[in-house]
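Here are some notes to read alongside the model, one point at a time. Keep the structure open and find each residue as it comes up.

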Amino acid sequence: MNESKKDFYVLGAFYISLFTERRYMGAPNAAFNTCMKRKEYFADCFNIWAGRKIIKPEKLFEINPVISGVNLDGKGTYEKRNDVKMSYGEDKEHIRAVLCIENQTTVNPAMAVRNYIYDAYGYDDQLRQIRRVHRMQKAISGDEYVAGFSRKDKLVPHVTLCVYSGDKPWDVGKNLKDFMAVENIPYTEREIISPMIADSRLCILDIRRLPEKAVKEMDTELKHLFGILKCSKSRYKMEVYVKKNMEELCDMDEDIYNAIASMTNIHMLDEVKSIVKNENGGINMCKAFNDWSRKERYQGRKAGRVEDILELLEDYGTVPEAVRNRILKERNLEILKKWLKLAARTHSIEEFCKGMEMNY
(Lines give C-alpha, C1' and ligand atoms only; values in the text may rest on other atoms or scores of the structure.)
Protein backbone atom coordinates (compact mmCIF):
# COMPACT_ATOMS: atom_id res chain seq x y z
CA MET A 1 0.00 0.00 0.00
CA ASN A 2 1.48 3.40 -0.95
CA GLU A 3 1.81 6.17 1.64
CA SER A 4 -1.06 8.30 0.32
CA LYS A 5 -3.52 5.41 0.53
CA LYS A 6 -2.23 4.47 3.97
CA ASP A 7 -2.72 8.05 5.21
CA PHE A 8 -6.22 8.03 3.73
CA TYR A 9 -7.23 4.89 5.63
CA VAL A 10 -5.69 6.14 8.89
CA LEU A 11 -7.56 9.44 8.55
CA GLY A 12 -10.76 7.58 7.73
CA ALA A 13 -10.43 5.44 10.86
CA PHE A 14 -9.85 8.59 12.93
CA TYR A 15 -13.04 10.26 11.72
CA ILE A 16 -15.07 7.07 12.19
CA SER A 17 -13.86 6.99 15.81
CA LEU A 18 -14.61 10.69 16.20
CA PHE A 19 -18.17 10.85 14.94
CA THR A 20 -19.76 7.39 15.17
CA GLU A 21 -18.78 6.05 18.57
CA ARG A 22 -22.06 7.04 20.23
CA ARG A 23 -23.84 4.50 18.04
CA TYR A 24 -22.31 1.80 20.23
CA MET A 25 -23.25 3.26 23.62
CA GLY A 26 -24.75 0.42 25.63
CA ALA A 27 -26.26 -0.28 29.00
CA PRO A 28 -23.05 0.50 30.95
CA ASN A 29 -23.10 4.08 29.65
CA ALA A 30 -26.80 4.52 30.36
CA ALA A 31 -26.52 3.16 33.93
CA PHE A 32 -23.51 5.35 34.71
CA ASN A 33 -25.11 8.45 33.20
CA THR A 34 -28.16 7.89 35.41
CA CYS A 35 -25.83 8.09 38.42
CA MET A 36 -24.18 11.24 37.07
CA LYS A 37 -27.53 13.02 36.96
CA ARG A 38 -27.46 12.88 40.75
CA LYS A 39 -25.74 16.07 41.90
CA GLU A 40 -23.83 14.44 44.75
CA TYR A 41 -22.30 11.82 42.42
CA PHE A 42 -21.54 14.39 39.72
CA ALA A 43 -19.71 16.57 42.26
CA ASP A 44 -17.81 13.56 43.62
CA CYS A 45 -16.37 12.86 40.15
CA PHE A 46 -15.01 16.38 39.72
CA ASN A 47 -13.68 16.49 43.27
CA ILE A 48 -11.75 13.21 43.05
CA TRP A 49 -10.26 14.38 39.74
CA ALA A 50 -9.18 17.67 41.34
CA GLY A 51 -7.92 15.93 44.48
CA ARG A 52 -9.87 18.44 46.60
CA LYS A 53 -13.50 18.78 47.68
CA ILE A 54 -14.36 22.00 45.87
CA ILE A 55 -17.56 21.41 43.87
CA LYS A 56 -20.63 21.56 46.10
CA PRO A 57 -23.69 19.51 45.01
CA GLU A 58 -26.17 22.18 46.14
CA LYS A 59 -24.67 24.60 43.61
CA LEU A 60 -25.21 22.25 40.65
CA PHE A 61 -28.22 22.52 38.34
CA GLU A 62 -28.88 20.01 35.56
CA ILE A 63 -29.28 21.61 32.14
CA ASN A 64 -30.15 20.36 28.68
CA PRO A 65 -27.14 18.36 27.39
CA VAL A 66 -28.08 19.07 23.76
CA ILE A 67 -26.73 22.04 21.81
CA SER A 68 -28.32 22.64 18.41
CA GLY A 69 -28.18 25.38 15.82
CA VAL A 70 -27.82 26.30 12.17
CA ASN A 71 -24.56 25.50 10.36
CA LEU A 72 -22.28 28.42 9.55
CA ASP A 73 -23.05 28.12 5.84
CA GLY A 74 -26.77 28.39 6.62
CA LYS A 75 -27.43 24.95 5.17
CA GLY A 76 -28.93 22.48 7.59
CA THR A 77 -28.63 22.22 11.34
CA TYR A 78 -26.34 20.51 13.83
CA GLU A 79 -26.88 18.84 17.19
CA LYS A 80 -24.22 18.03 19.77
CA ARG A 81 -24.92 16.16 23.00
CA ASN A 82 -22.92 15.72 26.18
CA ASP A 83 -23.71 12.71 28.38
CA VAL A 84 -24.53 14.87 31.41
CA LYS A 85 -24.30 18.66 31.75
CA MET A 86 -24.80 20.91 34.77
CA SER A 87 -24.40 24.60 35.48
CA TYR A 88 -22.50 25.61 38.61
CA GLY A 89 -23.31 28.73 40.62
CA GLU A 90 -25.25 30.24 43.49
CA ASP A 91 -28.49 29.68 41.56
CA LYS A 92 -29.70 29.01 38.02
CA GLU A 93 -29.37 32.66 37.05
CA HIS A 94 -25.84 33.27 38.33
CA ILE A 95 -23.72 30.67 36.61
CA ARG A 96 -20.00 30.41 37.31
CA ALA A 97 -19.26 27.54 34.93
CA VAL A 98 -20.81 24.81 32.80
CA LEU A 99 -19.57 21.36 33.81
CA CYS A 100 -19.98 18.33 31.56
CA ILE A 101 -19.23 14.63 31.93
CA GLU A 102 -18.46 12.30 29.02
CA ASN A 103 -18.49 8.60 29.86
CA GLN A 104 -15.99 6.32 28.11
CA THR A 105 -15.79 2.52 28.43
CA THR A 106 -13.06 2.14 25.76
CA VAL A 107 -9.94 4.09 24.80
CA ASN A 108 -10.87 6.57 22.09
CA PRO A 109 -7.79 7.97 20.31
CA ALA A 110 -9.84 10.96 19.17
CA MET A 111 -11.24 11.88 22.60
CA ALA A 112 -9.07 14.98 23.06
CA VAL A 113 -10.41 16.30 19.75
CA ARG A 114 -14.01 15.33 20.62
CA ASN A 115 -13.86 17.15 23.97
CA TYR A 116 -12.40 20.21 22.26
CA ILE A 117 -15.35 20.16 19.84
CA TYR A 118 -17.88 19.78 22.69
CA ASP A 119 -16.42 22.78 24.52
CA ALA A 120 -16.18 24.83 21.32
CA TYR A 121 -19.86 24.24 20.58
CA GLY A 122 -20.62 25.21 24.18
CA TYR A 123 -18.89 28.56 23.70
CA ASP A 124 -20.58 29.06 20.33
CA ASP A 125 -23.95 28.47 21.99
CA GLN A 126 -23.14 31.15 24.58
CA LEU A 127 -22.17 33.58 21.80
CA ARG A 128 -25.49 32.96 20.06
CA GLN A 129 -27.42 33.64 23.27
CA ILE A 130 -25.48 36.85 23.94
CA ARG A 131 -26.08 38.05 20.36
CA ARG A 132 -29.79 37.29 20.73
CA VAL A 133 -30.02 39.41 23.87
CA HIS A 134 -28.15 42.35 22.27
CA ARG A 135 -30.36 42.22 19.17
CA MET A 136 -33.45 42.46 21.39
CA GLN A 137 -32.16 45.15 23.75
CA LYS A 138 -30.31 47.21 21.12
CA ALA A 139 -28.07 48.63 23.86
CA ILE A 140 -24.85 48.46 21.85
CA SER A 141 -23.85 49.98 18.53
CA GLY A 142 -21.12 50.12 15.90
CA ASP A 143 -18.70 47.21 15.64
CA GLU A 144 -20.05 45.73 18.88
CA TYR A 145 -23.58 45.57 17.44
CA VAL A 146 -22.28 43.97 14.24
CA ALA A 147 -20.39 41.34 16.28
CA GLY A 148 -23.28 40.90 18.71
CA PHE A 149 -20.69 40.94 21.46
CA SER A 150 -19.57 43.93 23.53
CA ARG A 151 -16.18 44.60 25.06
CA LYS A 152 -17.69 43.98 28.50
CA ASP A 153 -19.23 40.61 27.65
CA LYS A 154 -17.71 37.48 29.14
CA LEU A 155 -18.15 33.77 28.46
CA VAL A 156 -18.79 31.21 31.18
CA PRO A 157 -16.10 28.47 31.32
CA HIS A 158 -17.31 25.27 29.62
CA VAL A 159 -15.46 22.27 31.09
CA THR A 160 -15.72 18.61 30.06
CA LEU A 161 -14.47 15.75 32.23
CA CYS A 162 -13.99 12.37 30.53
CA VAL A 163 -14.75 9.55 32.99
CA TYR A 164 -13.07 6.39 31.71
CA SER A 165 -13.93 2.94 33.12
CA GLY A 166 -12.14 0.64 30.64
CA ASP A 167 -9.71 -2.18 31.44
CA LYS A 168 -6.78 -0.86 29.40
CA PRO A 169 -4.75 2.15 30.55
CA TRP A 170 -5.47 5.38 28.65
CA ASP A 171 -2.41 5.35 26.38
CA VAL A 172 -3.32 8.00 23.76
CA GLY A 173 -2.93 11.76 23.52
CA LYS A 174 -4.44 13.95 26.23
CA ASN A 175 -3.74 17.29 24.54
CA LEU A 176 -4.99 18.66 21.25
CA LYS A 177 -1.41 19.40 20.19
CA ASP A 178 -0.61 15.67 20.42
CA PHE A 179 -2.66 15.24 17.25
CA MET A 180 -0.91 17.95 15.25
CA ALA A 181 1.52 16.68 12.61
CA VAL A 182 4.05 19.44 13.29
CA GLU A 183 6.93 17.09 12.43
CA ASN A 184 5.88 17.40 8.78
CA ILE A 185 6.58 21.13 8.87
CA PRO A 186 10.18 22.19 8.08
CA TYR A 187 11.98 23.30 11.23
CA THR A 188 12.37 26.99 10.27
CA GLU A 189 8.63 27.26 9.53
CA ARG A 190 7.71 25.18 12.56
CA GLU A 191 9.28 27.80 14.84
CA ILE A 192 6.63 30.25 13.70
CA ILE A 193 3.62 27.94 13.28
CA SER A 194 3.95 25.69 16.35
CA PRO A 195 3.51 28.43 19.02
CA MET A 196 0.39 29.64 17.20
CA ILE A 197 -1.42 26.29 17.46
CA ALA A 198 -4.22 26.40 20.03
CA ASP A 199 -4.05 23.62 22.62
CA SER A 200 -6.73 21.97 24.72
CA ARG A 201 -6.20 19.54 27.57
CA LEU A 202 -8.24 16.34 27.91
CA CYS A 203 -9.33 16.10 31.54
CA ILE A 204 -9.68 12.38 32.20
CA LEU A 205 -10.68 10.41 35.29
CA ASP A 206 -9.33 6.87 34.86
CA ILE A 207 -11.46 4.95 37.38
CA ARG A 208 -9.60 1.63 37.49
CA ARG A 209 -6.24 3.30 38.11
CA LEU A 210 -7.33 5.72 40.85
CA PRO A 211 -5.38 5.47 44.14
CA GLU A 212 -7.30 3.40 46.71
CA LYS A 213 -6.89 6.11 49.34
CA ALA A 214 -8.55 8.71 47.08
CA VAL A 215 -11.49 6.38 46.40
CA LYS A 216 -12.00 5.67 50.13
CA GLU A 217 -12.17 9.42 50.85
CA MET A 218 -15.00 10.07 48.38
CA ASP A 219 -18.16 11.52 49.94
CA THR A 220 -20.81 9.29 48.35
CA GLU A 221 -21.62 5.68 47.47
CA LEU A 222 -19.98 6.32 44.11
CA LYS A 223 -16.80 5.18 45.90
CA HIS A 224 -18.22 1.64 45.95
CA LEU A 225 -18.84 1.68 42.21
CA PHE A 226 -15.26 2.84 41.67
CA GLY A 227 -13.89 0.43 44.30
CA ILE A 228 -15.62 -2.61 42.79
CA LEU A 229 -14.62 -1.64 39.24
CA LYS A 230 -10.99 -1.43 40.37
CA CYS A 231 -11.03 -5.09 41.48
CA SER A 232 -13.70 -6.49 39.11
CA LYS A 233 -11.23 -8.68 37.18
CA SER A 234 -10.60 -10.83 40.27
CA ARG A 235 -13.44 -12.57 42.10
CA TYR A 236 -11.20 -12.99 45.13
CA LYS A 237 -10.42 -9.24 45.29
CA MET A 238 -14.12 -8.45 44.92
CA GLU A 239 -14.95 -10.85 47.79
CA VAL A 240 -12.37 -9.10 49.97
CA TYR A 241 -13.77 -5.67 49.05
CA VAL A 242 -17.35 -6.71 49.87
CA LYS A 243 -16.30 -8.16 53.25
CA LYS A 244 -14.39 -4.97 54.15
CA ASN A 245 -17.36 -2.75 53.28
CA MET A 246 -20.18 -5.06 54.35
CA GLU A 247 -21.98 -2.56 56.56
CA GLU A 248 -22.38 0.05 53.81
CA LEU A 249 -23.01 -2.45 51.00
CA CYS A 250 -25.95 -4.09 52.80
CA ASP A 251 -28.08 -1.03 51.98
CA MET A 252 -26.85 0.35 48.66
CA ASP A 253 -28.39 3.04 46.49
CA GLU A 254 -30.24 1.42 43.58
CA ASP A 255 -28.64 3.62 40.90
CA ILE A 256 -25.15 2.62 42.09
CA TYR A 257 -26.20 -1.05 42.22
CA ASN A 258 -27.52 -0.86 38.63
CA ALA A 259 -24.27 0.73 37.46
CA ILE A 260 -22.19 -1.99 39.17
CA ALA A 261 -24.28 -4.75 37.59
CA SER A 262 -24.01 -3.18 34.15
CA MET A 263 -20.38 -2.02 34.18
CA THR A 264 -18.99 -5.28 35.61
CA ASN A 265 -21.16 -7.43 33.29
CA ILE A 266 -22.37 -9.47 36.27
CA HIS A 267 -25.83 -10.10 34.84
CA MET A 268 -26.93 -12.16 37.84
CA LEU A 269 -27.02 -8.96 39.90
CA ASP A 270 -29.87 -7.79 37.66
CA GLU A 271 -31.64 -11.13 38.02
CA VAL A 272 -31.63 -11.13 41.84
CA LYS A 273 -32.24 -7.40 42.40
CA SER A 274 -35.92 -7.77 43.29
CA ILE A 275 -35.04 -10.53 45.78
CA VAL A 276 -32.33 -8.56 47.61
CA LYS A 277 -34.21 -5.26 47.74
CA ASN A 278 -34.65 -3.83 51.24
CA GLU A 279 -37.94 -2.45 52.55
CA ASN A 280 -36.58 1.11 52.37
CA GLY A 281 -35.78 0.74 48.65
CA GLY A 282 -32.04 0.14 49.08
CA ILE A 283 -30.29 -2.97 47.76
CA ASN A 284 -28.47 -5.59 49.82
CA MET A 285 -25.36 -5.79 47.66
CA CYS A 286 -23.71 -8.24 50.08
CA LYS A 287 -26.40 -10.88 49.60
CA ALA A 288 -26.52 -10.32 45.84
CA PHE A 289 -22.76 -10.62 45.56
CA ASN A 290 -22.60 -13.72 47.76
CA ASP A 291 -25.25 -15.43 45.59
CA TRP A 292 -23.25 -14.56 42.47
CA SER A 293 -19.97 -15.70 44.05
CA ARG A 294 -21.43 -19.08 45.03
CA LYS A 295 -22.78 -19.55 41.53
CA GLU A 296 -19.40 -18.63 40.04
CA ARG A 297 -17.63 -21.15 42.27
CA TYR A 298 -20.16 -23.82 41.34
CA GLN A 299 -19.82 -23.02 37.63
CA GLY A 300 -16.04 -23.14 37.99
CA ARG A 301 -16.08 -26.57 39.62
CA LYS A 302 -18.61 -27.86 37.08
CA ALA A 303 -16.62 -26.52 34.12
CA GLY A 304 -13.41 -28.01 35.53
CA ARG A 305 -14.91 -31.48 35.94
CA VAL A 306 -16.55 -31.43 32.51
CA GLU A 307 -13.29 -30.38 30.91
CA ASP A 308 -11.36 -33.16 32.73
CA ILE A 309 -13.89 -35.84 31.71
CA LEU A 310 -13.81 -34.87 28.04
CA GLU A 311 -10.03 -34.57 28.02
CA LEU A 312 -9.68 -38.14 29.39
CA LEU A 313 -12.17 -39.55 26.88
CA GLU A 314 -10.57 -37.78 23.91
CA ASP A 315 -7.45 -39.89 24.51
CA TYR A 316 -9.51 -42.78 23.09
CA GLY A 317 -10.90 -40.94 20.05
CA THR A 318 -13.77 -38.62 19.13
CA VAL A 319 -16.45 -38.32 21.81
CA PRO A 320 -19.93 -38.91 20.28
CA GLU A 321 -22.02 -35.74 20.14
CA ALA A 322 -24.82 -37.24 22.27
CA VAL A 323 -22.34 -38.24 25.01
CA ARG A 324 -20.61 -34.85 24.91
CA ASN A 325 -23.93 -33.00 25.19
CA ARG A 326 -25.07 -35.17 28.10
CA ILE A 327 -21.84 -34.40 29.98
CA LEU A 328 -22.08 -30.66 29.21
CA LYS A 329 -25.71 -30.46 30.34
CA GLU A 330 -25.25 -32.33 33.61
CA ARG A 331 -25.58 -29.95 36.59
CA ASN A 332 -25.14 -32.36 39.50
CA LEU A 333 -21.56 -32.08 40.76
CA GLU A 334 -21.70 -35.52 42.45
CA ILE A 335 -22.65 -37.23 39.19
CA LEU A 336 -19.89 -35.36 37.38
CA LYS A 337 -17.48 -36.52 40.08
CA LYS A 338 -18.50 -40.16 39.50
CA TRP A 339 -18.18 -39.75 35.72
CA LEU A 340 -14.71 -38.30 36.21
CA LYS A 341 -13.62 -41.37 38.20
CA LEU A 342 -15.19 -43.62 35.54
CA ALA A 343 -13.35 -41.79 32.75
CA ALA A 344 -10.07 -42.14 34.66
CA ARG A 345 -10.29 -45.96 34.92
CA THR A 346 -12.01 -46.78 31.60
CA HIS A 347 -10.13 -48.15 28.57
CA SER A 348 -12.41 -46.90 25.77
CA ILE A 349 -15.25 -44.51 25.04
CA GLU A 350 -17.59 -47.50 24.61
CA GLU A 351 -16.70 -48.78 28.09
CA PHE A 352 -17.34 -45.31 29.53
CA CYS A 353 -20.77 -45.13 27.83
CA LYS A 354 -21.76 -48.55 29.19
CA GLY A 355 -20.66 -47.46 32.66
CA MET A 356 -22.78 -44.30 32.39
CA GLU A 357 -25.88 -46.33 31.51
CA MET A 358 -25.29 -49.10 34.06
CA ASN A 359 -24.49 -47.06 37.13
CA TYR A 360 -25.77 -43.52 36.62
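**Notes on the model**

1. Let's begin with one asparagine: N47 sits in helix α3, which covers residues 39–50. Please keep in mind that this is a predicted model. Is N47 buried or exposed? Its relative accessibility is 7%, so N47 counts as buried, the cut-off being under 20%. Setting aside neighbours within four places in sequence, N47 is in contact with R52, K53, I54 and I55. Now look along the chain to M218: this residue is 171 residues apart from N47, and the two C-alpha atoms are separated by 8.3 Å.

2. Next, find strand β6, residues 158–164. Of its 7 residues, 6 are buried, so the strand is largely enclosed by the rest of the structure. Which strands pair with β6? One of them is β5 (residues 94–104), which pairs with β6 in the parallel sense over 7 bridges. In that pairing, N103 stands opposite V163 of β6. Strand β7 (residues 203–206) also runs parallel to β6, and 4 bridges join them. Here L161 stands opposite C203 of β7. As background, side chains in a regular strand alternate between the two faces of the sheet.

3. Now follow the chain from β6 to β7. Together with helix α6 (residues 187–193), these two strands make a right-handed β-α-β unit. Helix α6 also holds I193, and this residue counts as partly exposed because its relative accessibility is 36%. I193 belongs to a nonpolar patch on the surface with I192 and M196, and together they have about 330 Å² of accessible area.

4. Helix α4 (residues 111–137) is worth a visit for H134. With a relative accessibility of 10%, H134 counts as buried. What is H134 in contact with, leaving aside neighbours within four places in sequence? The list is A139, I140, Y145, G148, F149, S150 and D153.

5. R38 counts as partly exposed, at 24% relative accessibility. It is also worth looking around this pair, as R38, E40, D253 and D255 are linked in a network of salt bridges.

6. Finally, look at E248 and K223, whose side chains meet in a salt bridge of 3.8 Å, N to O. E248 is in helix α10 (residues 246–249) and K223 is in helix α8 (residues 222–230), so the pair ties together parts that are 25 residues apart in sequence. Which of the two partners is buried, and which is partly exposed? K223 counts as buried, at 17% relative accessibility, whereas E248 is partly exposed, with a relative accessible area of 42%.

Key. Residues numbered from 1 in each chain as written. Predicted model: local features only at pLDDT ≥ 70, side-chain atom pairs only at ≥ 80, totals over all residues. Heavy atoms only, no water. Buried < 20%, exposed > 50% of the residue type's maximum accessible area, 1.4 Å probe, protein only. Pairing = 2+ DSSP bridges. Right-handed = clockwise from strand over helix to strand, strands pointing away. Patch = residues over 30% accessible without salt bridge, like charges linked within 9 Å, V, L, I, M, F, W, Y side chains within 5 Å. Areas by Shrake-Rupley, 256 points an atom, 1.4 Å probe, with all protein chains shown as cover. Salt bridge = Lys/Arg side-chain N within 4 Å of Asp/Glu carboxyl O. Contact = heavy atoms within 4.5 Å.
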